Amino acid sequence: DVLPVTFTCDNAVPLEVVFFNASDGSSAAAMLVDNQLIAMDQSISGSGIQYRSKGNGGTYILRSKGWDATVSFLATGDAASEQVILENCSSR
């Protein structure tokens, strides 16, 4: 299944995400952030869903529960902390 979803975040910023669900139960997503296409794999989440990108420059993290989502970025390095870049995103 392929499911395109448009979220609207704080300050009316649009977040376009496409979710890909394979018949074997695996899942992936792609989103457009700052004019960059970010590919992500589903990762373990306590509740809701979580997707993480792979890359040398850092990791984008998409968390979603119900109709709501948040996007953060975790730079590489031991002292890096996760920074929220899009929040209060809703697809309703």
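Modeller: Let's begin with a term that comes up all the time: helices (H or I, at least four residues) and strands (E, at least two) are DSSP runs, numbered from the N terminus. This is a predicted model, in which local features need pLDDT of at least 70 and side-chain atom pairs count only at pLDDT 80 or more, while totals for chains, interfaces and linings use all residues. Residues are numbered from 1 along each chain as its sequence is written, and side-chain values use heavy atoms, with hydrogens and water left out.

Colleague: Okay, how many helices and strands does the protein have?

Modeller: It has 0 helices and 8 strands. Read along the sequence, that gives β-β-β-β-β-β-β-β.

Colleague: And Arg92, where does that one sit?

Modeller: Arg92 comes in the segment after strand 8. Away from its sequence neighbours within four places, Arg92 is in contact (heavy atoms within 4.5 Å) with Trp67 and Asp68. From Arg92 to Thr8 the C-alpha distance is 8.4 Å, although they are 84 residues apart in sequence.

Colleague: What makes Arg92 exposed?

Modeller: The cut-offs go like this: under 20% relative accessible area is buried, over 50% is exposed, and in between is partly exposed (1.4 Å probe, protein chains only). Arg92 has 72%, so it goes in the exposed group.

Colleague: Then why does Ser27 count as buried?

Modeller: Its relative accessibility is 13%, so it falls under the cut-off for buried. Ser27 is in strand 3, and its side chain makes a polar contact of 2.7 Å with that of Tyr51.

Colleague: How do you know that this is a polar contact?

Modeller: You need a pair of N or O atoms within 3.5 Å; within protein, one must be able to donate a hydrogen and the other to accept it, and residues adjacent in sequence count only if both atoms are side-chain atoms. The pair of Ser27 and Tyr51 has 2.7 Å, so it is inside the distance limit.

Colleague: What about Ser64?

Modeller: Ser64, found in strand 6, is buried at 9%. A polar atom of its side chain lies 3.1 Å from the backbone oxygen of Asp68. Ser64 also touches Phe7, Gly48, Ile49 and Ala69, not counting residues up to four places away in sequence.

Colleague: Why is the pair of Phe19 and Tyr51 called tilted?

Modeller: A pair of aromatic rings is described by the distance of the centres and the angle of the planes. Rings of Phe, Tyr and Trp (its six-membered ring) pair if their centres lie within 6.5 Å; planes under 30 degrees apart are stacked, over 60 edge-to-face, and the rest tilted. Phe19 and Tyr51 have 5.6 Å between centres and 55° between planes, so they pair, and the pair is tilted. It is one of 2 aromatic pairs in the whole structure. Phe19 belongs to strand 2 and Tyr51 to strand 5 (residues 49-53), so the pair ties together parts 32 residues apart in sequence. Phe19 is buried at 7%, and Tyr51 is buried at 2%.

Colleague: What makes a set of residues a nonpolar core?

Modeller: It's a set of buried Ala, Val, Leu, Ile, Met, Phe, Trp, Tyr and Cys residues joined through side-chain atoms within 4.5 Å. The largest one here has 18 residues, and Phe7, Leu15, Val17, Phe19, Met31 and Leu62 touch the most other members. Among the elements that give two or more residues to this core are strand 1 (2-9), strand 2 (13-21) and strand 8 (82-90).

Colleague: How do you know that Cys9 and Cys89 form a disulfide?

Modeller: The cysteine sulfur atoms must be within 2.5 Å, and these two are 2.0 Å apart, so the pair qualifies as a disulfide. Cys9 lies in strand 1 and Cys89 in strand 8, so the pair ties together parts 80 residues apart in sequence. The structure holds 1 disulfide. Its S-S torsion is about 105°, so it is right-handed. Both Cys9 and Cys89 are buried.

Colleague: Last one: how does the radius of gyration fit a compact globule?

Modeller: The radius is taken over C-alpha atoms, and the globule rule is 2.2 Å times the number of residues to the power 0.38. For 92 residues a compact globule would be near 12 Å, and the protein has 13 Å, so the two agree. The C-alpha atoms fill a box of roughly 35 × 35 × 25 Å along the principal axes, and 30% of the 92 residues count as buried.
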